[in-house]
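Hello,

Here is the structure we talked about handing over. Please open it next to this email; my notes follow below.

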Amino acid sequence: MTNSLSPRAQEMAARFKELYGSSPEIIVRAPGRVNLIGEHTDYNDGFVFPAAIDRDVMIAASPRKDRQVRVFALNFNQSSTFTLDGVQPATDTRERWSNYLRSMAWVFHEEGLGTAGMNVALLGDVPLGAGLSSSAAMLVASGLSFEASSELNIDPVRMALLAQRAEREFVGVNVGIMDMYISALGQKDHALLIDTRALTYEAVPLPKSGISIVIADTNKKRGLVDSEYNTRRAECERAVELLKASLPDITALRDVSAEQFNALSGSLPEITAKRARHVITEDARTLESVAALKAGNIVRFGELMNGSHESLQRDYEVSCRELDTLVQIARSIDGVYGARMTGAGFGGCTVSVVAEGAVERFLAEVPALYRKATGLNSPIYVTTAAQGAERLA
Ligand code: GLA
């Protein structure tokens, strides 16, 4: 191991050696993410604008000569072992965290990518269940460790697609591509405008000074999220089916312009129309917000973030009392340009763009006001856009 490794990676290497008796041959990391704008658009072939955050999952590993994967989660002080032949989900619920590694082993096998056995240690600091994509970080880091131990060379977009297939088919949540894409391809100091149909992106620099991205956690556990998520997807598909009667060439809500929608929305059932209106207006807001950011117009960027929240609250109905309360409190702080829920909804985090000079005030006032309103604590993370997944050793 070289000394150029970060203190955290060196700590990982030391813990690996304690567990397995020799230094790891491989160290990889994959970050969580915060989505600035473009919510519930990725499974409608639309646009999203996330950044990787400075919290990640780190994996230390060495190949084994047999077909076993032995993994130790330093966060949970818990081990799990499985074989690469016929990978199954963990039967013991205490080993559920190992399903991400298992699912990547499964998808590599499904797609004909040969994998080798490994000894693995993993450690993460992406808050769990907070809507900051700890799962995508686990999947992408797992994929990178298999890639390295099996001496494969996988394009990062393919890695994101492998992780998405793993989460859909092995873990069982029908997610879009955003979380794994940004974890695999994020760039330091940039957010990525991702075209989720073409699977291409434009890296947009975030201002070097003047503003901060501040994440606040509602601490509301996201109970309903998986079933409601799948329901929203189905509602969007239904909207496309119905709109096809007048617009035969569309394949996703991405293809419907605001003008077309306004002319046709009256023919849709009320709920279907609301869901579609969110997606169609959110795509437009996302593109406009990126143009505003490039023009240095943070005020407009903030207004569009606020508009995104209102649309998610009223039309898409994926917000909740805690998210709405935290957003209102954030906006009441002088120096906050905009605030919205981020991620799937029903709990999890808000994201605010805050003038640098107002961050201290945000930290001092928001948790106290939120606690007074809800009785809950609100951990706050002032974050910077981090590099996407990488091999460190
Ligand atoms: C979750 C999913 C993403 C995306 C968001 C909502 O994070 O994993 O694919 O759909 O919700 O924007």
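**A buried glutamate**

Glu 282 is buried, because its relative accessible area is 0%, and the cut-off for buried is under 20%. Keep in mind that this is a predicted model.

Where does Glu 282 sit? Glu 282 belongs to helix α8, which covers residues 270-294. What does its side chain reach? The side chain of Glu 282 comes to 2.9 Å from the backbone nitrogen of Glu 39. Glu 39 is also on the contact list of Glu 282. Leaving aside residues up to four places away in sequence, Glu 282 touches Ile 37, Gly 38, Glu 39, Thr 41, Ser 308 and Arg 340.

Take Ser 133. Its phi is near 65°, a positive value in a residue other than glycine. Ser 133 lies in the loop that runs between β5 (118-124) and α3 (134-149). Is Ser 133 buried or exposed? Ser 133 counts as buried, because its relative accessibility is 8% and the limit is under 20%.

Now Leu 199. Leu 199 is not a glycine, yet its phi is positive, at about 60°. The loop that holds Leu 199 lies between β6 (190-195) and β7 (200-205). With a relative accessible area of 22%, Leu 199 is partly exposed. That class lies between the 20% and 50% limits.

**The whole protein**

How many helices and strands are there? The protein has eleven helices and twelve strands.

On overall size, a compact globule of 393 residues would have a radius of gyration near 21 Å. The protein has 21 Å, so the value agrees with a compact globule. The C-alpha trace spans about 65 × 50 × 40 Å along its principal axes.

Burial next. Of the 393 residues, 57% count as buried. The accessible surface comes to about 16000 Å². Carbon and sulfur atoms account for 48% of that surface.

Then contacts. Consider those between residues at least 6 apart in sequence: 72% of them join residues at least 24 apart.

Last, charge. The protein has 41 positive and 48 negative charges.

If you have time for one site, start with Glu 282 and its 2.9 Å approach to the backbone nitrogen of Glu 39.

Best wishes

Notes. Residues numbered from 1 in each chain as written. Predicted model: local features only at pLDDT ≥ 70, side-chain atom pairs only at ≥ 80, totals over all residues. Heavy atoms only, no water. Helix = DSSP H or I, 4+ residues; strand = E, 2+ residues; numbered from the N terminus. Buried < 20%, exposed > 50% of the residue type's maximum accessible area, 1.4 Å probe, protein only. Polar contact = N/O pair within 3.5 Å; in protein donor to acceptor, adjacent residues only side chain to side chain. Contact = heavy atoms within 4.5 Å. Rg over C-alpha atoms; globule rule 2.2 N^0.38 Å. Areas by Shrake-Rupley, 256 points an atom, 1.4 Å probe, with all protein chains shown as cover. Lys, Arg positive; Asp, Glu negative; His and termini not counted. Charge placed at Lys NZ, Arg CZ, Asp CG, Glu CD.
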